[in-house]
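Let's get to know this structure through a few friendly questions. Each answer sets a value beside the rule that gives it its name.

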Amino acid sequence: MIYISLISTITRMWLTRSFKPFTFKNHYTNDLAFKDLDNLGLYVHIPFCKSICNFCPYCKVLYSKDLCDKYIDYLIKEINFVGSKLDEKKQVTSLYFGGGSPALATDKIKDIIDTINKYFIITEGIGIELHPEDVNVETLQALKNANVTKISIGIQSFNKKYQNILGRKPLDCSQLANNLSKVKFETVSIDLIFALPNQTYKDLKEDIDTALSIGANHIAIYPFIDFTFTKSKVKAMEKKEKKALLDDITNYLFEKGLVRNSIWTFATKNNASYSSMTRDNFLGFGCSATTLLKDQFKINTFSIEEYIKRIDNNNLPTSLTIDFTKRQRMIYYLFWTLYSTKIDSLDFEKFFGIPLKKMYGFELYLAKKLGFLTEENGIYSMTLKGAFYYHYYENFYTLSYIDKMWNVMKNEAFPKGIKL
Ligand SMILES: C[S@@+](CC[C@H](N)C(=O)[O-])C[C@H]1O[C@@H](n2cnc3c(N)ncnc32)[C@H](O)[C@@H]1O
Ligand code: SF4
């Protein structure tokens with residue numbers, strides 16, 4: 001860990017050509033510079049769950065109808081506050097609802113979408129994360145009526161042994177399949193977790209087969225991450241074992257005819273997609289939601305109480321902000337664009353007004369020589385080896401940066417600042 005931490009710091013300094021770390025400060029403003037941004041996505045966070053899983057790092061509390069209803073009233077105020085700054089309706093790519101278990105507020109999802117539609121035109125659909133318990137015909141139909149087009153179900157594992165380890169209830173697969181067959185969505189994605197203790201290729205093949213057999217056309221396979229602040233006692237798998245498993249399941253998904261559309265996700269057909277991460281810019285509403293703009297990254301407070309107070313006072317609930325240097329924003333762009341496993345040099349040039357090769361020609365040459373990337377007509381694609389090392393680095397990044405930050409944010413509504 002110390003070794004990779006040192007490499008990571010040196011790499012960051014090299015790529016940003018600066019000793020400056022990524023610094024989050026607690027200043028905030030009510031102006032968000034999003035009006036002129038292309039390829040803007042929207043995210044809405046609903047932080048309520050019926051029970052809390054001990055492995056889960058996300059911002060959430062136990063569900064109560066009163067608190068959830070109150071929270072959504074304020075969420076709608078926040079959307080109105082931000083949206084009313086536009087002079088005309090703004091085109092955005094997608095809208096994703098995450099949590100928590102956002103379907104606990106199914107009766108209000110339409111109100112939220114209607115509010116968003118007052119200010120934005122959504123061109124690539126609306127997605128929502130579902131807990132398996134939400135997959136009933138009534139909820140699915142209500143979501144469909146609200147114009148939701150993509151669902152993502154947090155199955156984690158179909159295997160009883162791993163459901164036990166993760167503290168999740170057993171699933172009735174034929175009931176799930178039956179319900180999913182009654183209400184159709186463009187994308188039906190299933191989240192699986194891999195790299196759990198002693199998990200084998202055979203276990204994961206069975207999980208993938210079951211996911212496809214109950215109606216998924218999209219699969220997300222996340223490596224298990226042992227966050228320091230969760231109560232989970234589950235330990236993540238060693239690097240070597242994990243690499244072999246990841247290579248095997250990736251090849252298995254390819255054999256089954258799926259295509260990789262992001263580092264962790266695979267689709268059975270090209271138009272199935274579910275990713276709230278692969279957008280150039282995004283606006284986040286609700287507790288813990290993040291906003292990425294041309295030269296800023298913001299994160300909202302994790303405290304529901306403080307979130308409500310800020311909105312009550314006609315202020316945005318921003319807790320921390322990074323003001324990027326140009327090079328920092330480039331690294332941020334490249335890291336998250338690579339998440340889609342591809343970088344198009346023309347997109348980079350359009351975004352920054354400078355050719356990618358001029359900025360990072362040597363690094364790209366090195367990445368090709370090391371077998372991490374291939375290039376065709378200015379489009380760089382990640383190889384299997386590149387995907388593993390991205391995975392590996394992402395894991396490290398999550399544990400050293402996101403873990404550190406969320407740990408602070410969980411305990412302090414408005415920390416003074418964080419240096420990463
Ligand atoms: C907000 S949850 C999904 C929706 C719903 N609340 C549920 O649990 O089914 C988002 C996803 O994050 C993934 N996840 C949560 N904790 C994780 C961890 N410690 N390591 C890896 N993936 C994790 C799970 O696959 C989960 O489905
Ligand atoms: S995994 Fe899903 S249900 Fe479990 S605590 Fe996290 S958000 Fe809630």
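**Reading the terms**

Q: What makes Ile-122 buried, partly exposed or exposed?
A: Ile-122 has 18 other C-beta atoms within 10 Å, so it is partly exposed. The rule calls a residue buried if 20 or more other C-beta atoms lie within 10 Å of its own, exposed if 12 or fewer, and partly exposed in between, with C-beta atoms placed from the backbone. This is a predicted model, in which local features need pLDDT of at least 70, side-chain atom pairs count only at pLDDT 80 or more, and totals for chains, interfaces and linings use all residues. Residues are numbered from 1 along each chain as its sequence is written, while chains are lettered from A and ligands numbered from 1 in the order in which they are written.

Q: Where is Ile-122 found, and with which residues is it in contact?
A: Ile-122 is found in strand E7, residues 120-122. Helices (H or I, at least four residues) and strands (E, at least two) are DSSP runs, numbered from the N terminus. Setting aside neighbours within four places in sequence, Ile-122 is in contact with Val-92, Ser-94 and Leu-95. Being in contact means that the C-beta atoms of two residues, placed from the backbone, lie within 7 Å.

Q: What makes the phi of Asn-147 worth a look, and how is this residue classed?
A: Phi of Asn-147 is positive, about 80°, although Asn-147 is not a glycine. Most residues other than glycine have a negative phi. Asn-147 sits in the loop between helix H4 (137-145) and E9. It counts as partly exposed because it has 15 C-beta neighbours inside 10 Å.

Q: Which residues does the cis peptide bond join?
A: The cis bond joins Gly-99 and Gly-100, with omega about 20°. Most peptide bonds are trans. Gly-100 lies in the loop between E6 and helix H3 (106-119).

Q: What makes a set of residues a nonpolar core, and which ones have the most contacts inside the largest?
A: A nonpolar core is a set of buried Ala, Val, Leu, Ile, Met, Phe, Trp, Tyr and Cys residues joined through C-beta atoms within 7 Å. The largest has 92 residues, and those with the most contacts inside it are Leu-42, Val-44, Leu-75, Leu-192, Phe-194, Ala-211 and Ile-219. Helix H2 (residues 65-83) gives the most to this core, seven residues. At least three residues come from each of domain 1 (40-267) and domain 2 (342-410); such bounds come from an automatic or database domain assignment.

Q: How many residues does each domain bring to the contact between them?
A: The centres of domain 1 and domain 2, taken over C-alpha atoms, are 25 Å apart. Domain 1 brings twelve residues to the contact and domain 2 brings 13. Helix H8 (residues 239-255) supplies the largest share of the domain 1 side, five residues.

Q: What surrounds ligand 1, and how is its shell classed?
A: There are 18 residues around ligand 1, the closest being Glu-129, Gly-154, Asp-191, Tyr-222 and Ile-225. A residue is near a molecule or strand if its C-beta atom, placed from the backbone, lies within 6 Å of it. By class, the shell has ten nonpolar, six polar and two charged residues. Ala, Val, Leu, Ile, Met, Phe, Trp, Tyr, Cys and Pro count as nonpolar, Asp, Glu, Lys and Arg as charged, and the others, Gly among them, as polar.
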